[in-house]
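I am opening a notebook on a structure that is new to me, and I will write down what I look up as I go.

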Amino acid sequence: MAGASLLSLHPFSARAAVNQAHLRIMETTDLHVHVFPYNYYADRPDDTVGLARTAAHVADIRAEATNSMLLDNGDFLQGNPLGDYIAYERGMKEGDLHPVIAAMNTLGFDASTLGNHEFNYGLDFLMKSVAGANFPVISANVVKEMAANPTGDKPLMKPYVILDRMVTDGSGVEHPIRVGLIGFVPPQIMNWDRKHLEGNVKTRDIVETARAYVPQMKEEGADIIIALSHSGIGSADHTEGMENASVPLAEVEGIDALLTGHSHLVFPSPTYDGFAAVDATKGEIHGKPATMGGFWGSHLGVIDLMLERDGGGWRVLMHEVATRPIYKRNEDRSITPLVESVDTVESSVRQQHEETLAYVRRAVGKTSAPLYSYFALVADDPSVQIVSIAQTWYIKQMLAGTKYADLPLLSAAAPFKAGGRGGPDYYTDVPVGDVAIKNVSDLYLYPNTIRAVKITGAQLKGWLERSAGMFNQITPGEADQLLLNTAFPSYNFDVMDGVSYQIDLSQPSRFNAKGELADAEATRIVNLTYEGQPVTDDMEFVVATNNYRASGGGSFPGAMGDTIIFEGPDTNRDVIVRYIVEQGTIEPSADANWTFAPIPGTTVLFDTGPKATQYAADVKGVQIEPAGEGPDGFARFRITL
C-alpha cells in the first residue's frame, strides 16, 4: 500500500471516515512485453504503447490515494520481438531475470495472474521467467494433476494468494486487511499451445474453479476478493469451458471486484453497451466493479473501493471505475501522448531493448524469391502467398485431432501495401536473401489475430465474388480500358489459396465497393476447382483468415462472424515470423492459382510502382507489358486478356 499527500486526493480518500478506507486497485493487462514506447516491427517509436508510459499514471494514482495496489492481469511474457528475442535467442537460464519481470519489479506490482500467451514458449521458459518476480504469480485453473474437486488439484501455480496489508482509514489510523486474489486463464490454452501443454497440464472451467476456491479463501480470512480474470467480457450465460467467462464469473458469491482482459479492449466503454448484466458506463458486471485496461500498456484500469470495517473484517461500501489512457487519437488520426515515460522503468530493460533492436534488424530466415506486391492486384503474388502459406501451416496444426482436421483447408489473404492513396512507393519489396523481423510488418501491416471459419462451396464462391469487385467491368474487344476500381480498397481483395479459379472481367460485379449486393445474378468467378474437381455449393471448407475478416470486416459471404470455428491467440504477423524461423528458408513463389479469364482482342491498363518494371517478366498467369508513365508518379502496364 502507498501513502498519499494531502494534495490531489481522490474524493473517496478525502471522504473516508473513521473505520472507512479508500483502496485503489490498478490494473495492467495484455502488456505483451511492451515496456518501451516502441514498435519493433516498424522499428520506430510508438506513443500508443509501453508500460514505461503506463507507469506515469501509476505514480499519479499512488499520490492520489491513501492506499493502493498494482495488479497485472496476464499476457505479459509474449507478444512482440522483445519477447521473441528472449525466448528464441538469449534464452532463460536459472537465475536470469526476464526484462518484463524486471520492469514489473521496478514498478512494484503486488501480484499477477497468467494469461494464455504465458504458455507460448513452453512451461520451462514460463517457470524460469516468473521465478524472478518480486510478487506472486497465480493461476487457479491450470493444474498438473486433477482431483475430484478443484481444491484437491495439484496446481501449476498458486491458485490464489491472500495478501496481508495495512490500510489507513479516514482518521489516519492504520488497520490490517487481508486481500484475496485469484487468477484465471482461458481453458483453450490446451488447444492453442497443445504442443507444450498436452500431457503436462490440464485446465478447468473458470467459473467452476472459482465456485470451489472462493469459499475456501473466505474461510482462510480474505476480507475482500478480487478476481484476476484473463478472460473477456462475453455472454452472461455460463457454458462449460467458455473462453470469455468474466460475466458469469462476476456472479460467483464472494468475489468483490474483477480485473478482465484477453480481448484487447477497454472497459468501461461503449464497446460493451447492451451486454447482459453489464453496465458499460459505470464499469459494473452483475453490479460488481470491473475494468479492462486495453492492451500493450495503452490504458491503466482503476477501481476505487470505499471499504468499511464490518465487525472484524471489511466490506465494500461503494465503488467507482475508470481507465486512464496513455495517448489520445486526434480527429486527423494523429496521436498525442498524454504522459511521458518513467525513466526507471525504461532503464530496467534498456539493455534488452537495444539488443532487440539489433535482433529485429538482422535476419531470422531467408527467402529464395523476392517478396513484392507490385502486381498483387492483377496476378497471384509472392507477398500474399507467404501470408497464406504461414496461415495454412498454423491452422493445420491447431485443427489437428479436431473434427475439422480432414476438411479441405484454404487460406485467404489480401495485399495491404498496393499503391492507391499510399502513393507509388507504397508496396512491399523484400529482395531475395535475408528476411528480418521488421520486414514482416512490410508483409502484414495490421495487428490482426488469426481465425478459421468453416464455409460451404456456395459461400466460397460468394467470398470470391466479393473480392472480384476490385475490377471494373471490361467491354470485350476494346483496347486499354482501366482495370482497377479505385473505390475498392486493396485490403478487401482476398486471394484464396488452395483452390483454382478465373475472374471473368466481362461480367458485372455481384457486390459494390462497400460489399452491398449490386447484382444477385452476376457471376465473375468461373472454373472454380479444388484438387482439379469443380467446387459444388454443398462442399465444406475451412478457411484460414484474420479476426477482422472472420468477424464481418468487409462484408464477405461466409465471413460474417457466424462461421468461426477457431479463434487463435496469435497475431497473423507472429504466425509469419514463427513460420520463417521454423523454415529457415522460405520459398514463396506464386503458383498462379487464380487468373483472368481470356477475353480475345481486349487489353486493360493498371498502374503500379515504378520499381515493378524489374519484376514484370516474372509474373505468372498474365501477359503483361510496360505502357509508359501513369499519373502521380505511378508506372502504367498493359495486360492482354
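Entry 1: I began with strand 13 (residues 257–260), which pairs with strand 17 in the parallel sense over three bridges. Before going further I note that I am working from a predicted model. Looking for a facing pair, I found Thr260 opposite Met292 in strand 17.

I then turned to strand 14 (residues 266–267), which runs antiparallel to strand 17 and is joined to it by two bridges; here Val266 stands opposite Gly293 of strand 17. Strand 16 (residues 284–285) also pairs with strand 17 in the antiparallel sense, over two bridges, and in this pairing I located Glu284 opposite Pro289. Strand 16 and strand 17 form a hairpin with two residues between the strands, and in that hairpin I noted that His286 takes a positive phi near 50°.

**Entry 2: helix 5.** How many of the eight residues of helix 5 (residues 123–130) are buried? I count six as buried, so this helix too is largely enclosed by the rest of the structure. The buried residues are Leu123, Phe125, Leu126, Lys128, Ser129 and Val130. When I looked for what covers them, I found that the cover includes helix 3 (81–90), helix 4 (99–107), strand 6 (137–138) and helix 7 (194–197).

Entry 3: Last, I looked up helix 11 (residues 382–399) and helix 15 (residues 572–583), whose axes come within 9 Å and cross at roughly 85°. Angles of 65 to 115 degrees count as roughly perpendicular, and helix 11 and helix 15 are therefore roughly perpendicular to each other. On the side of helix 11, the contact is made by Ile386, Val387, Ile389, Ala390, Gln391, Trp393 and Tyr394, while helix 15 brings Asn572, Val575, Ile576, Arg578, Tyr579, Glu582 and Gln583. Sorting the residues of this contact by kind, I have nine nonpolar, three polar and two charged.

Notes: Residues numbered from 1 in each chain as written. Predicted model: local features only at pLDDT ≥ 70, side-chain atom pairs only at ≥ 80, totals over all residues. Heavy atoms only, no water. Axes fitted to C-alpha atoms, helices over the stretch in contact; angles between N-to-C directions. Helix = DSSP H or I, 4+ residues; strand = E, 2+ residues; numbered from the N terminus. Parallel < 35°, antiparallel > 145°, perpendicular 65-115°, else oblique. Contact = heavy atoms within 4.5 Å. Nonpolar A, V, L, I, M, F, W, Y, C, P; charged D, E, K, R; others polar. Pairing = 2+ DSSP bridges. Buried < 20%, exposed > 50% of the residue type's maximum accessible area, 1.4 Å probe, protein only.
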